[in-house]
Amino acid sequence: MTGLGKAIGTGDDWLDWLAGDKFTGDGARGAADNLAAGNDARVVGFGPSEVNGYPGYWAKVQSNGTVGDSVIPGTESKHATAEATAVIEPRCDVAPSADPAKVVEFDCDGGDSFDFDPDDFEVGDLPDPSVLFSVHLAD
């Protein structure tokens, strides 16, 4: 959201942020590390991805602990692994004719509507990221 906040009012491409075209991934790896740590695991692979034209990030995690005692011989020292891809999908629509140099109105899923005036904008004017974008697992 920092990138979107900095882009509004500084050029004509800030509307691309609302379409999901300008994500840089800042914070994505840290979020994956935190989620894995909260599940007693660690990230062992990470990178950008794209699903159905939307940006995303894939992660591979490995459990910190081993399987331990099991009825299956030879698995005692094995670590569980999992892979997933999270996709960032815009939840708001902007009219194709919108002029980024003027007040831009947009409607979001759930009935929320907003307008940004690039000449009178402060980062605090941005709604919560969950209003603008949906993040979900693709696989």
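1. Which backbone oxygen does the side chain of Thr75 reach? The side chain of Thr75 comes to 2.8 Å from the backbone oxygen of Ile72.

2. On the basis of the model: it is predicted, local features need pLDDT of at least 70, side-chain atom pairs count only at pLDDT 80 or more, and totals for chains, interfaces and linings use all residues. Residues are numbered from 1 along each chain as its sequence is written, and side-chain values use heavy atoms, with hydrogens and water left out.

3. On the setting of Thr75: this residue lies in the loop between S2 and S3. Thr75 counts as buried because its relative accessible area is 18%; buried means under 20%, exposed over 50% and partly exposed in between, with a 1.4 Å probe and protein chains only. Apart from neighbours within four places in sequence, Thr75 is in contact (heavy atoms within 4.5 Å) with Val67, Gly68 and Ser70.

4. On the chain as a whole: it holds four helices and seven strands, in the order α-α-α-β-β-β-β-β-β-α-β along the sequence. These elements are DSSP runs numbered from the N terminus, helices being H or I of at least four residues and strands E of at least two.

5. On overall dimensions: the radius of gyration of the chain is 20 Å, whereas a compact globule of 139 residues would have a value near 14 Å. The radius is taken over C-alpha atoms, and the globule rule is 2.2 Å times the number of residues to the power 0.38. Along the principal axes, the C-alpha atoms fill a box of roughly 65 × 25 × 25 Å. Of the 139 residues, 29% are buried. Among contacts with a separation of 6 or more, 46% join residues 24 or more positions apart.

6. On the largest pocket: its space is about 850 Å³. The search uses a 1 Å grid over the protein atoms alone; a cavity is a set of points where a 1.4 Å probe fits but cannot get out, a pocket is an open set with protein on both sides within 12 Å along at least five of seven lines, and lining residues have an atom within 4 Å of a point. Grid points are joined across faces, edges and corners, and the volume is the space filled by probe spheres set on the points. The lining comprises 31 residues, of which Ala28, Ala31, Tyr57, Ile88 and Val135 are the closest to the centre. Two or more lining residues come from each of helix H1 (2-7), helix H3 (28-37), strand S1 (41-51), strand S2 (54-66), strand S3 (79-90) and strand S7 (133-137).

7. Beyond neighbours within four places in sequence, Asn64 is in contact with Asp40, Ala41, Arg42 and His79. The C-alpha atoms of Asn64 and Thr81, 17 residues apart along the chain, are separated by 9.8 Å.

8. On Gly65: strand S2 also includes Gly65, which is partly exposed at 33% relative accessibility. With neighbours within four places set aside, Gly65 is in contact with Asp40, Lys78 and His79. Between the C-alpha atoms of Gly65 and Ala80, 15 residues apart along the chain, the separation is 8.2 Å.

9. On two backbone angles: most residues other than glycine have a negative phi. Asp40, in the loop between H3 and S1, has a positive phi of about 55°. Asp40 is partly exposed at 47%, and its contacts outside four places in sequence are Ser63, Asn64 and Gly65. Asn52, in the loop between S1 and S2, also has a positive phi, near 55°; Asn52 is exposed, with a relative accessible area of 73%.

Methods: A polar contact is a pair of N or O atoms within 3.5 Å; within protein, one must be able to donate a hydrogen and the other to accept it, and residues adjacent in sequence count only if both atoms are side-chain atoms.
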